[in-house]
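Here is a friendly briefing on the model shown below.

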Amino acid sequence: MIPGVSITEILTLTSTLFFIGIYGFITRRNLISMLISVELILNSSVVNFVIINKYLFPDVLEGVVYSIFIISVAAAETALAVSIIINLYRKVKSVEVKDTELMKY
């Protein structure tokens, strides 16, 4: 438990971060910005797991284990996405989504 901070305030903050990530993913046209938005979504879910575990089940570590799993998946996803973006930039000379549509044909 964090003194002076209720679970509602923290969940409101993480929900706000989640929806900012969703908004960024939908509205951005740059691949790097979209990747950052996905990371924001994953990080808000990690904070949710830790806070819910801390406030509701303080004696078990299931939320922490799930958080570590999500962080490792996010790291792998980021490494793969950055490598794809770098290769795409070498071929197309752009990281904009509209320029990558040419690769379909």
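Throughout this briefing, a residue is called buried when its relative accessible area is under 20%, exposed when that area is over 50%, and partly exposed in between (1.4 Å probe, protein chains only). Helices (H or I, at least four residues) and strands (E, at least two) are DSSP runs, numbered from the N terminus. By that reading, the chain has four helices and zero strands.

The structure is a predicted model, in which local features need pLDDT of at least 70 and side-chain atom pairs count only at pLDDT 80 or more, while totals for chains, interfaces and linings use all residues. Residues are numbered from 1 along each chain as its sequence is written, and side-chain values use heavy atoms, with hydrogens and water left out.

**Confidence**

- The predictor's confidence in each residue is its pLDDT, on a scale from 0 to 100.
- The chain has a mean pLDDT of 90, with 97% of its residues at 70 or more.

**Overall shape**

- Starting at the N terminus, the order of elements in the chain is α-α-α-α.
- The chain is more spread out than a compact globule, because its radius of gyration is 17 Å, well over the 13 Å that the globule rule gives for 105 residues.
- That radius is taken over C-alpha atoms, and the globule rule is 2.2 Å times the number of residues to the power 0.38.
- Along the principal axes, the C-alpha atoms of the chain fill a box of roughly 55 × 25 × 20 Å.
- Buried residues make up 24% of the 105 in the chain.
- Contact here means heavy atoms within 4.5 Å. Of the contacts in the chain between residues at least 6 apart in sequence, 59% join residues at least 24 apart.

- Helix 1 covers residues 7-27, 21 residues in total, and its first and last C-alpha atoms are 30 Å apart, close to the 30 Å expected at 1.5 Å a residue.
- The expected span of a helix is 1.5 Å times one less than its number of residues.
- The buried residues in helix 1 are I10, T14, G21 and G24.
- Seen down the helix axis, the buried residues of helix 1 fall within an arc of 80 degrees, so they line one face of the helix. The arc is that of the directions from the helix axis to the C-beta atoms.
- T8, F19, Y23 and I26 are exposed on the other side of helix 1.
- Helix 2 (31-56) is among the elements that cover the buried residues of helix 1.
- T27, also in helix 1, is partly exposed, with a relative accessible area of 35%.

- S44 lies in helix 2 and is buried, at a relative accessible area of 1%.
- Leaving out residues up to four places away in sequence, S44 touches T14, L17 and F18.
- V50 is also in helix 2, and its 34% relative accessibility makes it partly exposed.
- From V50 to V65 there are 15 residues in sequence and 9.1 Å in space, C-alpha to C-alpha.

- Helix 3 has 31 residues and spans 44 Å from first to last C-alpha, close to the 45 Å expected at 1.5 Å a residue.
- G63, S67, I70, A74, A81, I85 and L88 are buried in helix 3, and the buried residues of this helix pack against helix 2 and helix 4.
- A nonpolar core is a set of buried Ala, Val, Leu, Ile, Met, Phe, Trp, Tyr and Cys residues joined through side-chain atoms within 4.5 Å.
- The largest nonpolar core consists of five residues, L31, M34, I85, L88 and V95. Helix 2 and helix 3 (62-92) are the elements that give two or more residues to this core.
- I85 touches L31, I32 and V95, not counting residues up to four places away in sequence.

- K93 sits in the loop between helix 3 and helix 4 and is exposed, at 59% relative accessibility.
- The phi of K93 is near 65 degrees, a positive value in a residue other than glycine.
- Most residues other than glycine have a negative phi.
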